[in-house]
Structure formats: structure tokens, C-alpha cells
Amino acid sequence: MKTQTINSTLEQHNDLRTKCLVYTRVMGYHRPVESFNIGKKGEHKQRTHFNECKC
């Protein structure tokens, strides 16, 4: 039910939303993820993010 509420809220405010480009570092330079091929997009979704803990 929570997902339905979120989806309906997004649909109601669709005209206010803007496109967000996500960039990632590949081979020393930054590229938008949307320009990746299908395989590279899959790799990007499977990545785990490193969170450094404070000592």
C-alpha cells in the first residue's frame, strides 16, 4: 500500500519533476549512467557503496 501512495503522489506532481542525471567515474573520467549500454547499467546497479566509519 505504501508503494501505491508513493506512485500516486509522483503521478500527481509529474509536471513539477525534473530529470536527474547520475554520473559515475569510469576509467578516470565521469560519464552519465544513462549513456551506458545494458551490461554496464546492470553492473552499476549491482555495485556496493563503501561507507567509511569514523575511528
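Here is a walk through this structure, from its overall layout down to single residues.

Keep in mind that this is a predicted model, in which local features need pLDDT of at least 70, side-chain atom pairs count only at pLDDT 80 or more, and totals for chains, interfaces and linings use all residues. Residues are numbered from 1 along each chain as its sequence is written, and side-chain values use heavy atoms, with hydrogens and water left out.

Let's start with the layout. The protein chain holds two helices and two strands, and read from the N terminus the order is α-β-β-α. The radius of gyration is 16 Å, well over the 10 Å that the globule rule gives for 55 residues, so the protein chain is more spread out than a compact globule. Helices here are DSSP runs of H or I with at least four residues, strands are runs of E with at least two, and both are numbered from the N terminus. The radius of gyration is taken over C-alpha atoms, and the globule rule is 2.2 Å times the number of residues to the power 0.38. Along the principal axes, the C-alpha atoms fill a box of roughly 40 × 35 × 20 Å.

Next comes the surface. Of the 55 residues in the protein chain, 7% are buried. Buried means under 20% relative accessible area, exposed means over 50%, and partly exposed lies in between, using a 1.4 Å probe and protein chains only. The protein chain exposes about 5700 Å², with carbon and sulfur atoms supplying 54% of that area; accessible areas come from the Shrake-Rupley method with a 1.4 Å probe, and for residues only the protein chains shown count as cover.

What about the cysteines? Cys20 is exposed, with a relative accessible area of 63%, and Cys53 also counts as exposed, at 64%. A search of the whole structure finds zero disulfides, a disulfide being a pair of cysteine sulfur atoms within 2.5 Å.

Now for the charges. The protein chain has 10 positive and 5 negative charges, and their mean positions are 6 Å apart. Lys and Arg count as positive and Asp and Glu as negative, while His and the chain ends are not counted. Each charge is placed at NZ of Lys, CZ of Arg, CG of Asp or CD of Glu.

How many salt bridges does a search of the whole structure find? The search gives two, where a salt bridge is a side-chain nitrogen of Lys or Arg within 4 Å of a carboxyl oxygen of Asp or Glu. One of them joins the side chains of Lys19 and Glu34, at 3.1 Å from N to O. Lys19 lies in the loop between helix 1 (2-12) and strand 1 (23-26), and Glu34 in the loop between strand 2 (29-32) and helix 2 (38-46), so the pair ties together parts that are 15 residues apart in sequence. Lys19 is exposed at 66% relative accessibility, whereas Glu34 is partly exposed at 46%.

Lys40 forms a salt bridge with Glu43, and their closest N and O atoms are 3.6 Å apart. These two residues are three apart in helix 2, a separation of about one helical turn. Lys40 is partly exposed at 28%, and Glu43 is partly exposed at 45%.

Arg17 sits in the loop between helix 1 and strand 1, and its C-alpha atom is separated by 32 Å from that of Met27, 10 residues apart along the chain. His44 is in helix 2, and the C-alpha atoms of His44 and Ser8 are separated by 28 Å.
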